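Reader: I am new to this structure. Could you walk me through how to read it?

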Amino acid sequence: MKIDVIDKLLADEEKNSENLHKIVKEAIDAEELIIHNLSNPVAENLNFGQRISDNIALFGGSWKFIIAFFIVLTIWIIFNVIAIGGYKFDPYPFILMNLILSCIAALQAPIIMMSQNRQEEKDRKRSENDYLINLKAEMQIRSLNQKMDLLLEKQIKTLFQKQEKQFELLKEINSKLNKKK
């Protein structure tokens, strides 16, 4: 009879341990899903103008563009200084070159600004997403703390019950030993 009580206590303890493992596994699975979603974000659907503005901003803000532009301007100036007669299509003070540079700057600036606005929108969405993830993590931590508190409380109650039964068993053993003497 007493062995049945001990077996029941051990079975209860094993069941509590299994419940704890189940809770931890569910939390880990949920975390892996969040990490997977963050690692593999949904691809953006950009229209033609947005793709062009991004590519122009990417190239226009690079060293390739600066070096290529410097080379073209240098060739332009050298050719128009050295060229003879009718071959000079833009003689000094290079008015045509200044016009082209002004047009490039006038077109490139708004295109780069469009790309920057899109990047700012992406950054804003990313920061909102980070905030929501942090909020969710905080809520999960609170939930896990509550679950741990409940499990600890249950475990303490179980330990007290086991201890009480052990004291009863010890009393019975003690009384049997006293009877034999």
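This is a predicted model: local features need pLDDT of at least 70, side-chain atom pairs count only at pLDDT 80 or more; totals for chains, interfaces and linings use all residues.

Reader: Which residues of α3 are buried?

Author: Buried means under 20% relative accessible area, exposed over 50%, and partly exposed in between (1.4 Å probe, protein chains only). Helices are DSSP runs (H or I, at least four residues), numbered from the N terminus. In α3, the buried residues are Phe65, Trp76 and Asn80. They sit on the same side of α3, because they cover an arc of only 15 degrees around the axis, taken from the directions from the helix axis to the C-beta atoms. Their cover includes α2 (48-60) and α4.

Reader: How many salt bridges are there in the whole structure?

Author: Side chains of opposite charge can pair when their charged atoms come close. A salt bridge is a side-chain nitrogen of Lys or Arg within 4 Å of a carboxyl oxygen of Asp or Glu. The whole structure has six. One of them pairs Arg118 with Asp54, with the closest N and O atoms 2.4 Å apart. Arg118 lies in helix α4 and Asp54 in helix α2, so this pair ties together parts 64 residues apart in sequence. Arg118 is buried, at 14% relative accessible area.

Reader: Where do Asp123 and Arg126 lie?

Author: Both are in helix α4, three residues apart, which means about one helical turn separates them.

Notes:
Residues are numbered from 1 along each chain as its sequence is written. Side-chain values use heavy atoms; hydrogens and water are left out. Helices (H or I, at least four residues) and strands (E, at least two) are DSSP runs, numbered from the N terminus. Contact means heavy atoms within 4.5 Å.
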